[in-house]
Amino acid sequence: MSFKSTLLAGAAALSFALPAFADGIMVQDPYARASAATSQSGAAFMEIINQTDTDDRLIDVRSDVAERVELHTHQEDANGVMRMMHVEEGFVLPAGETHALARGGDHVMFLGLTRELAHGDELELTLVFEQAGEVTITVPVDLERNPLRQQMQGHGQMNHGNMGAASD
């Protein structure tokens, strides 16, 4: 590999490590997953930091990687079964705090994938905030992160209903 190629590859890798900003909102460590090559669903995770003195809210998310892109969470039902559900009102981002979109909790859900999410690929994701506006980020697809680490923090069984079996 030439020096120029090595330099460009290094710059691309570094760009994933750098946070994205939108009027006092910082997005760190985004990544996406799919459960299998033939999956119709996938999910994205990240940390969103509200660096302002005012509460904000993540109200929408968009990407061309799926027919529908929604904000989701997991909630335990009366029988102790964890169910994934769309959060239409979005996620509150208190002033000065971090909100994690993580496996087994709040996350971005891709329904009806328009292409495979293969390890090493990238996708564009636009986050829409009530106060800060829009920020478009590049999200790497990382299928090597340990799925059990964060799932062990939750409890009960996971039921995705008729939404497919995304690895989230």
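**Strands and core of a predicted model**

Modeller: S4 and S7 pair in the antiparallel sense, over three bridges. Strands here are DSSP runs of E, at least two residues, numbered from the N terminus. Two strands pair if DSSP finds at least two bridges between them.

Colleague: What is the bridge partner of Arg-57 in S7?

Modeller: Val-92. Bear in mind that this is a predicted model: local features need pLDDT of at least 70, side-chain atom pairs count only at pLDDT 80 or more, and totals for chains, interfaces and linings use all residues. Residues are numbered from 1 along each chain as its sequence is written, and side-chain values use heavy atoms, with hydrogens and water left out.

Colleague: Which strands form the open sheet, and in what order?

Modeller: Four strands, ordered S7-S4-S10-S11, with antiparallel pairing. S7 and S11 are at the edges with a single partner strand each, so one side of each has no neighbour in the sheet.

Colleague: How do S10 and S11 pair?

Modeller: Antiparallel, over eight bridges. A hairpin of three residues joins S10 to S11. Val-128 has Glu-134 as its bridge partner in S11.

Colleague: New topic. How many residues are in the largest nonpolar core?

Modeller: It has 30 residues. Such a core is a set of buried Ala, Val, Leu, Ile, Met, Phe, Trp, Tyr and Cys residues joined through side-chain atoms within 4.5 Å. Buried means under 20% relative accessible area, with a 1.4 Å probe and protein chains only. Met-46 and Leu-127 are among the residues with the most contacts inside this core.

Colleague: What does Leu-127 touch, leaving aside neighbours within four places in sequence?

Modeller: Its contacts (heavy atoms within 4.5 Å) include Val-27, Met-46, Leu-58 and Ile-137.

Methods
Buried means under 20% relative accessible area, exposed over 50%, partly exposed in between (1.4 Å probe, protein chains only).
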